[in-house]
Amino acid sequence: MLETVTATRFAVPLREGGSLPGLVEADDLGMYVVKFRGAGQGVKVLIAEVLVGELARVLGVPVPRLVVVDLPRDIARYEADEEVQDLLTASVGTNLGLDYLPGSFGYDGSRPATAEQAAPIVWLDAFTANIDRTWANPNLLVWGGRPWVIDHGAAVYFHHGWGRRAPDAQRFADQPFDRSDHVLGDLVDDLGGTHERLAALLDDATLEQVVSLVPDEWLETSEHLPSPAATRAAYLEHLIARRDRPAAWLTGGDR
Ligand SMILES: Nc1ncnc2c1ncn2[C@@H]1O[C@H](COP(=O)(O)OP(=O)(O)OP(=O)(O)O)[C@@H](O)[C@H]1O
Ligand SMILES: [Mg+2]
């Protein structure tokens, strides 16, 4: 389970974020960047954040600690900004929090990543089909001289189709990934060696452990996925299938 904290104060919206994440203080006195369940694409985006963030952690890619942030109703009630108040009201209950990295700055190439730092990040994005790490939107923070990955809501997009059709893990496994626009794409060559090393870290039990971190109540059911357990199993099946069939996604955009 991810640790749960309770929000005690909404500090400030992070306006540059498309989904209006906010900086929130919690009952452990920590400051968290919160991705709200009431924003945009809803709770599936939070699931993608948990899956990719925790995969990053297993792979040794720096990523802020993730927590579940429980948002009490009265925090929404006393918010003056109407847009923020609507978002908070729609988000009462469990949300996703990332440890705030004080003094970090957005990756701009002034502190370029090394090839050793870049390869696992590019591999992770190819594996999870995360197209959201380009120069236009790097979604990397530089902190302590190293790049940290954030913002994974666009990855594992296959779940957005689950209301309409049956899950199809092989289809996801065979989706190519074009890394020519990736912000770190120029720093990596062939990913074959990286794949050998990193896929071995993601054995079935480890993937199951990562998938188990998604809170039950975020797992939406559908005609084809009648229970949270079935939905959880579908995530695991997709990750296993893609890990085991890298032919389509490993080579796209090779230099
Ligand atoms: N853990 C963190 N510590 C410090 N700042 C953060 C952290 N997470 C996010 N931020 C800041 O908040 C901004 C928005 O975060 P994020 O990219 O996750 O949100 P988003 O709404 O999905 O963004 P967008 O759609 O614009 O890419 C980041 O660009 C960064 O400046
Ligand atoms: Mg972003």
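Guide: In this predicted model, the crossing of helices α1 and α7 is right-handed. The contact is formed by L51, E54, L55 and V58 of α1 together with T206, L207, V210 and V211 of α7.

Visitor: What makes α4 and α6 roughly perpendicular to each other?

Guide: Helix α4 (residues 115–127) and helix α6 (residues 192–199) pack at about 75 degrees, with their axes 10 Å apart. That angle lies in the range of 65 to 115 degrees, so the pair is described as roughly perpendicular. On the α4 side the contact involves A119, P120 and W123, which meet T194, H195, R197, L198 and A199 of α6.

Visitor: How do you know that the buried residues of α3 are on the same side of the helix?

Guide: In helix α3 (residues 82–89), the residues V84, L87 and L88 are buried. They cover an arc of only 95 degrees around the axis, and therefore lie on the same side of α3. On the other side, E82 and D86 are exposed.

Visitor: What covers the buried residues of α3?

Guide: The covering elements include strand β1 (4–13), strand β4 (66–71) and helix α2 (73–77). At the start of α3, moreover, a side-chain oxygen of D81 comes to within 2.9 Å of the backbone nitrogen of E83.

Visitor: Why does S222 count as buried?

Guide: The relative accessibility of S222 is 18%. Buried means under 20%, so S222 falls in that class. S222 is located in the loop between α7 and α8, and it touches W162 and G163, leaving aside residues up to four places away in sequence.

Visitor: How does one know whether T231 is buried or exposed?

Guide: T231 has a relative accessible area of 2%. This value is under 20%, so T231 is buried. T231 belongs to helix α8 (residues 228–244). With residues up to four places away in sequence not counted, T231 touches W162, L219, E220, T221 and L225.

Visitor: Why is D151 called partly exposed, and why is V156 called buried?

Guide: D151 has 22% relative accessibility, which lies between the limits of 20% and 50%, so D151 counts as partly exposed. V156 has a relative accessible area of 1%, which is under 20%, so V156 is buried. D151 lies in the loop between β8 (146–149) and α5 (169–173), and V156 lies in the loop between β8 and α5. Phi is near 65 degrees for D151, a positive value in a residue other than glycine; for V156, also a residue other than glycine, phi is positive and near 40 degrees.

Visitor: What makes N137 partly exposed?

Guide: Its relative accessible area is 35%, between the limits of 20% and 50%, so N137 is partly exposed. N137 is placed in the loop between α4 and β7 (140–143).

Visitor: With which side chain does the side chain of N137 make a polar contact?

Guide: The partner is the side chain of D132, at 3.5 Å. N137 and A166, in turn, are 29 residues apart in sequence and 32 Å apart in space, C-alpha to C-alpha.

Technical notes
Residues numbered from 1 in each chain as written. Chains lettered and ligands numbered in written order. Predicted model: local features only at pLDDT ≥ 70, side-chain atom pairs only at ≥ 80, totals over all residues. Heavy atoms only, no water. Buried < 20%, exposed > 50% of the residue type's maximum accessible area, 1.4 Å probe, protein only. Helix = DSSP H or I, 4+ residues; strand = E, 2+ residues; numbered from the N terminus. Arc of directions from axis to C-beta. Contact = heavy atoms within 4.5 Å. Polar contact = N/O pair within 3.5 Å; in protein donor to acceptor, adjacent residues only side chain to side chain. Left-handed = near helix turned anticlockwise from the far one by under 90°. Axes fitted to C-alpha atoms, helices over the stretch in contact; angles between N-to-C directions. Parallel < 35°, antiparallel > 145°, perpendicular 65-115°, else oblique.
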